[in-house]
Each structure stands twice: as structure tokens, then as C-alpha cells.
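The notes follow in the order I took them.

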Amino acid sequence: MKLVVRVKLLPTPEQAAALEATLRAVNDAATWVSQLAHDRRVFRNYDLRRHVYGQVKDRYGLAAQAAQHVIKKVADAYTTLHAHVRNGNLGRPGSARRERVLARPIVFRPGAAQPFDDRCLSWRMDARTVSIWTVGGRMKGVAFTASADQLTLLAAHRKGESDLVCRDGRWFLIATCDLPDVPVRAPDGFVGVDLGIANIATTTATATATATATGTGTATGTGTGTGTGDGVRHSGKALNAVRHRHRELRRRLQAKATKSAKRLLRKRRRKEARFAADLNHTIARRIVTEAARTGRGIALEDLQGIRDRVRLRKPQRVTLHSWSFHQLGHFIAYKAARAGVALVWVDPAYTSQACSACGHVAKNNRPDQETFACTSCGFAEHADVNAARNIAARGETGWAVSHAA
């Protein structure tokens, strides 16, 4: 299992200038290699290396290993681009957007991340410093800081490449850690997780295990859900309020367009994303901890492509496209893997319209956002709790089918 640890570098002004010059040089080289690859239609790493390796070293003063990483970065970027084209993410064949993207080479920002391996970067964990290659030569004694848990993880499991990143004038190293896989325990039932916007996540167990649960739980905006039985709703009210406040503030500052307004926009550019990520981490940790404590697995909706399938009115589109369900699902997945908790992805179709008691599916079962009332058997429940029960039942079925042998 691979995880990444982000540590903050504390370079002196001279060291920061050397790091900035290095990033600028390698990304200028990557842009030049990208132009040549686009013109000659050469995208494989080995083939591209034969064309540009020597020139990259001579033109931009890069060491051998740095030149290799530049070429590989370009090849990987085109591999990703062509995968998006094949999957239709850039439009249909012949569409204006697709043709426009394919007609231009990939351009790398001067501050784009650059990978370093153990030949270019070495760690001194006891002194909390790194030695890193730069265009001006090897630079030793660059201090870094990290939490106690991060230091322990780095010392025990760091392996492979580390990416040098500059964000808003601050320098980071994103290190790869290779952890041993934790055996997945056979689950005793499943926790269903219904993802939404009004309620970020609603959890419950299988329908048979929660037949007496009232599901009347609510949650605070910080992700600390409470509730009776297994029905826990992590409300998105606080997060949506933060998003609305930031959106209105951006609108006013962009309209003002003064130097101080632009400075404030730059200062606040990632504040909303950090708040949402922290909230998702908190919710994911609580879900995984509860599943591990009770010996159950976790069933999640596979919502891939939902933004393309859903059709909404214009005022609702901003809310949909700022919905960070993918990030929350990713957090739950890797935390579950570290805890040895079984995870199953299920088809989300009709989970919000199907009755968890009798299985009847009807659009009229869902009269409004938070109410579920079965038109067949009369079963009534909070709509998200009912959907979570359906997801849990599908998770148990999916696990049984995949492990039938």
C-alpha cells in the first residue's frame, strides 16, 4: 500500500533561490521536450529519450538523472492526455474542444512539481535535513519539518520518488511511503454510506441489523455525527455555508479588482479547499473507526461520472461541481485499507427511491429531499438513512458474490 507524506521545507533565502531556479529549468526543459514530442508524434519514454536526452542536458544544464525525470514526466503527461481522449473526457471525436486540445503541445508551469529519486535527493532523518540536487550543484542541509506521525512514517516506510513542490512561496516535499498490506478481515455485516450534498455522508448497517434504528441522528458542521441506532448523518450545512461565503467574497473582490483585492484573493485561494479536506478527513476517520470497532465492512456508492449524467438548473450547478464526494470516498478507501476493513463499491442506481423494507422502487417514494415514504408498504424513514440501508444491503450481496468461492 502506497501513501504520500507532505513535509514542509524551511530553506534559507539562498536555498530557496536555488530551488526556484531548479524548478524553472526543469519545467522549461519539459516544455521544450513536450513541443518536440508533439511535433514528431513521439510519446513513448524510451523513444523520446533517444531524440532529446543529450540535448536536454546540454541546453538546460541538467544532470543525467534530472534529464531522465524530465523526459519521463513529459511521456507520463501525454499518456494521461491520451487516456482522457480515449475515455471521451475531452469531447466526442471531431468536437472543437477535443481538436483544440490535441492541436497544442502540453505546457508546464515554471513552478510545476518535479520528481526526485534517491540519486538526486537524500534524507537525514536524525538532523531533519535533506540534500537535494539543483542546477547550481548539490545543496545540503535544507531543513524540513513534519509532525511526529509523519516522521515515524518516513523513517520506517519511505521508498521511491519524492516530488518537489512550491505553493504560494512555500516549499514542500511529497514523499512516497510503501506500507505493508494489512489483511482484510471477513466482515460481519456492512456499514452503508450514502453520499450527498445536504448531508455529506449518512451511515447505517444492513437493513436486518438496523430494523429497530430510528435514524433520527443529526450531525454538526464539523463532521461529528450523532444519532440513535446506526443512522448517523454528517450534515453539510456548515460546509455549504462556508462555500457560499467564499463564493460571495470572491465575487465581490473580483468585481473590485484593486491590488489589495487581488492580494486577498491570492491569500484565500486554498482556504476553502483546506476546510473541505479537513472535514472529509474527520468524517472518513469516524466511519472507518466505527466499522473497525464493530467488525463490519463499508459499502460505498460508485458515483463516477455523475456530473456528466445529472442535469440540473443553473443555480444548482455550482453546488454540484463543488461536491467533493470523490475526495471523501478516496479518504475512506485508504483509511479502510490501513485498518484492514473490507470495502465494496456498489451501483447507486435507485438507492434513494427503493424501499429498504420491501424493495418497492418508485419516484413517488421520495416526496422531498429528506423524506422517504414507501407507497407500497407504508415504511417511512429519513431518505438518506433509507438509501444507506439499501447501499449496505448491496454491499453485503456484492461481497458474498465476489467471495463465493
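The model is a predicted one.

Entry on β3 and β4. I looked up the turn first. The two strands form a hairpin with four residues between them, and Arg-128 in that turn has a positive phi of about 55°. Four bridges join β3 to β4 in the antiparallel sense. I found Ser-122 opposite Ser-131 of β4.

Entry on β4 and β5. This is also a hairpin, with two residues between the strands. Five bridges join this antiparallel pair, and Thr-134 has Gly-137 in β5 as its bridge partner.

Entry on burial. Is β4 enclosed or open? I counted six of its six residues as buried, so β4 is largely enclosed by the rest of the structure. In a regular strand, side chains alternate between the two sheet faces. I checked both faces of β4: Thr-129, Ser-131 and Trp-133 are buried on one side, and Val-130, Ile-132 and Thr-134 on the other.

Entry on the whole sheet. I read seven strands in an open, antiparallel sheet, ordered β2-β6-β7-β1-β5-β4-β3. The edge strands are β2 (114-116) and β3 (121-124), each pairing on one side only. The twist averages 35° from one strand to the next.

Entry on β1 and β7. Residues 2-10 and 170-178 pair antiparallel over seven bridges, and Leu-3 stands opposite Cys-177 in β7.

Entry on helices. I have α3 (residues 64-86) lying across β2, β4 and β6, at about 135° to β2. Helix α5 (residues 148-157) packs on the sheet and touches β1, β3, β5, β6 and β7; its direction makes about 50° with that of β7.

Technical notes: Residues are numbered from 1 along each chain as its sequence is written. This is a predicted model: local features need pLDDT of at least 70, side-chain atom pairs count only at pLDDT 80 or more; totals for chains, interfaces and linings use all residues. Side-chain values use heavy atoms; hydrogens and water are left out. Two strands pair if DSSP finds at least two bridges between them. Axes are lines fitted to C-alpha atoms, for helices over the stretch in contact, and angles run from 0 to 180 degrees between N-to-C directions. Contact means heavy atoms within 4.5 Å. Buried means under 20% relative accessible area, exposed over 50%, partly exposed in between (1.4 Å probe, protein chains only).
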